[in-house]
Amino acid sequence: MLRLDKYISNATDLSRVEAKRYVKYGEVTIDGEKATNAAQKITGDETICIDGSAISLAKNRYFMLNKPAGVVSATKDQNNSTAVDLIFEHRSDELQIAGRLDIETTGLVLVTDDGQWNHRLTSPRNDFQKIYEVTLGVAITAADREKLANGVWLEDEKHPSLPATLDVLDERRVLLSIADGKYQQIKRMFAELGNHVESLHRTQVGDIVLDEDLEPGDYRALTETEVASVMAPKS
Ligand code: URA
């Protein structure tokens, strides 16, 4: 059991003094009722909200963001807004990006404060499949498809890329699934084939699929099943 003001300061970036102030000004609710006493004991089973948004103690948090172009996959940046700037949650300074996209790439970015989960998802040893919609500068050929299926050898790499799976949507648009995640891998793969990427949109990482209801810039919490899919043993 914790005092309400202590619970708030543990669960957010507010100090105890600030937490008391929020209670005093009627901005804290416990199970929908306005809290009046900062010393009230909290068991942990209650739903506590500040300014209408729920807070909780040190449980890990996991989000999917539909990253718009022009946003960097980082926690801080001097010149551009970051993926974490788009996640309006308490303790956002604890959030990390689980797998980066280039600034102009759009689509699925996973954000969490669980370092172990992040590591499992992004460790090259685990090879989670990532699916991208790729728009190409020139039409894809049968020879390109074969090279991608065999694994393209990128300049300055010690090993060829893992075989990629390709689904041709039309001659300049493909769905590409890759398991590795080298720096600018898709752009470099197509450059190696004498083509170039005009746009790139990530739709899936492992079993986690970008929610079609999310507009660019929107995010939502992952479901328990989505979170668990990363820790499940891989077949
Ligand atoms: N490959 C790229 O070239 N860029 C990305 O953002 C992701 C994969």
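Contact here means heavy atoms within 4.5 Å. The model is predicted, so that local features need pLDDT of at least 70 and side-chain atom pairs count only at pLDDT 80 or more, while totals for chains, interfaces and linings use all residues. Residues are numbered from 1 along each chain as its sequence is written, and side-chain values use heavy atoms, with hydrogens and water left out.

**Leu169**
- Leu169 belongs to strand β11 (residues 165-170), where strands (E, at least two residues) and helices (H or I, at least four) are DSSP runs numbered from the N terminus.
- With a relative accessible area of 39%, Leu169 is partly exposed, a class between buried (under 20%) and exposed (over 50%), for a 1.4 Å probe and protein chains only.
- Leaving aside neighbours within four places in sequence, Leu169 is in contact with Glu133, Val174 and Leu175.

**Glu226**
- Glu226 lies in helix α6 (residues 224-231) and is buried, its relative accessible area being 13%.
- A polar atom of the Glu226 side chain lies 2.8 Å from the backbone nitrogen of Thr223.
- Beyond neighbours within four places in sequence, Glu226 is in contact with Met64, Ile208 and Arg220.
- The C-alpha atoms of Leu169 and Glu226 are separated by 27 Å, the two residues being 57 residues apart along the chain.

**Nonpolar core**
- A nonpolar core is a set of buried Ala, Val, Leu, Ile, Met, Phe, Trp, Tyr and Cys residues joined through side-chain atoms within 4.5 Å.
- The largest such core has 30 residues, of which Val111, Val134, Leu148, Leu176, Ile186 and Phe190 touch the most other members.

Technical notes:
A polar contact is a pair of N or O atoms within 3.5 Å; within protein, one must be able to donate a hydrogen and the other to accept it, and residues adjacent in sequence count only if both atoms are side-chain atoms.
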